[in-house]
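Here is a set of questions and answers for someone meeting this structure for the first time. Please look over the sequence and the model before reading on.

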Amino acid sequence: MDGNLLQLSYALDTFYFLVSAVFVMWMAAGFAMLEAGLVRSKNTVEILTKNALLYSVACTAYLIVGYNVMYPGDPISAYLPNLSFMLGADNTAEAVMAGGDGAPYYSAMSDFIFQAVFAAATMSIVSGAIAERMKLWPFLIFAVFMAGFIYPMEGFWKWGGGWLDQLGFQDFAGSVVVHMAGAAAALAAVILVGPRMGRYGPNGEVRAIPGANLPMATLGMFILWMGWFGFNGGSELKVANVDEANAVATIFVNTNAAAAAGMIAAALLSKFKFGKTDLTMVINGALAGLVSITAEPLAPTPGLAIIIGAVGGLIVVMSVIFMDKMRLDDPVGAISVHGTAGIWGIFAVLFSNSAATFMGQLIGTVATFAWMFIASLVVLFIIDKLIGLRPTEEEELEGLDQKECGMEAYPEFDQK
């Protein structure tokens, strides 16, 4: 390939990577809208503030240290990266023009920003699960550790060339590396802070706490669905030739098919079990379908993608019910969407990717869950002992908007 074509290909792949990063960054808006719609009005400002700040905190921590943990130039071993700070220089024109298998084909800075928005997305999963009963600043302190070290460590094990990658663990865009990882951290947080006041009765009864704005939650779902095209499509890393362009198109088709099937399946099961078509289950069905296909959105046929997404949609409904039976309060269903659907998605890889093995997928899943859950539990426990995670009962009854932010989202309405 001559020099001009190499430069054109480099520019196109870099541009595609950057646009994909923008799509994934837009998912931050989706998480914010989804969570704000599914909490009570008295907690809306706090959850919006939490989502806005966690994005900034996560990106900053990932820039300072997290990216280098996840992608170390010279790791200590396949289990431990080295420690360095800030970003290095970008690729030179000479390196690009050299061509060959070892030549860079997109900007190193574009890779960083794409990975940074993934780190922020992982932290957003925790935000929804502990909504309405965790203080703002302890959560943001945890975000520093999450994006700076906890998430990048297991990301290194797979995407940074660590021991899970060497084992043959297959996770294309992060059903486990991102989604189940975030759900494992969220589960640790939910166990520590406990359920919202009044969520469960003394005899095991489950009391519904409706969200304040379902149109907003629905908008959040569609924003996330849109962002997922960048999440999965960008993970192909290239687009500047016929085969790669076709691969990206296939990923888009399968991602959309799985989301649609997950939504339909969740709607049907909701109607069958409850006699009503529960909008929150419909929303989470689409998201579960998306999580399910994320581990392998390229290899399946569109027909198989429909099946993978539909099973994810069925699983998430049953998982939400199970979580309530276990008295694990998750206001937005984040652990079910990202955790149980993520586990299903990683094993669904076996149906279409011949490089995947059952033991490889199992070890990767268990190791990632164990690390994320235990490391998060330890950090959150220390934060809880030092400054406390949960507001007082009085503050929780009044709403975190007034306690944390001193304002209301809907001041013209009664907040109680």
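Q: Which residues line the second largest cavity, and which helix gives the largest share of that lining?
A: In this predicted model, the second largest cavity is lined by V24, M25, M27, A28, F31, N51, L54, Y55, V117, A120, A121 and S124. At least two of the lining residues are supplied by each of α1, α2 (44-70) and α4. The largest share, five residues, comes from α1.

Q: What volume does the second largest cavity have?
A: The structure holds two cavities of 30 Å³ or more. The lining of the second largest cavity divides into ten nonpolar residues, two polar and no charged, and its volume is about 60 Å³.

Q: Which residues that line the largest cavity are the closest to its centre?
A: The largest cavity holds about 70 Å³ of space, and α1, α4 (108-129), α10 (279-294) and α12 (334-348) are the elements that give two or more residues to its lining. That lining divides into seven nonpolar, five polar and one charged. Of the 13 lining residues, the closest to the centre are F31, L34, V332, A334 and H338.

Q: How are α1 and α8 directed relative to each other, roughly parallel or roughly antiparallel?
A: Helix α1 (residues 3-38) packs with helix α8 (residues 214-233), their axes lying 7 Å apart at an angle of about 160°. The residues of this contact divide into 20 nonpolar, seven polar and no charged, and α1 passes α8 in a left-handed crossing. Because angles over 145 degrees count as roughly antiparallel, the two helices are therefore roughly antiparallel.

How values were computed:
Residues are numbered from 1 along each chain as its sequence is written. This is a predicted model: local features need pLDDT of at least 70, side-chain atom pairs count only at pLDDT 80 or more; totals for chains, interfaces and linings use all residues. Side-chain values use heavy atoms; hydrogens and water are left out. Axes are lines fitted to C-alpha atoms, for helices over the stretch in contact, and angles run from 0 to 180 degrees between N-to-C directions. Helices (H or I, at least four residues) and strands (E, at least two) are DSSP runs, numbered from the N terminus. Angles under 35 degrees count as roughly parallel, over 145 as roughly antiparallel, 65 to 115 as roughly perpendicular and the rest as oblique. A crossing is left-handed if the near helix is turned anticlockwise from the far one by less than a right angle, and right-handed if clockwise. Ala, Val, Leu, Ile, Met, Phe, Trp, Tyr, Cys and Pro count as nonpolar, Asp, Glu, Lys and Arg as charged, and the others, Gly among them, as polar. On a 1 Å grid over the protein atoms alone, a cavity is a set of points where a 1.4 Å probe fits but cannot get out, and a pocket is an open set with protein on both sides within 12 Å along at least five of seven lines; lining residues have an atom within 4 Å of a point. Grid points are joined across faces, edges and corners, and a volume is the space filled by probe spheres set on the points.
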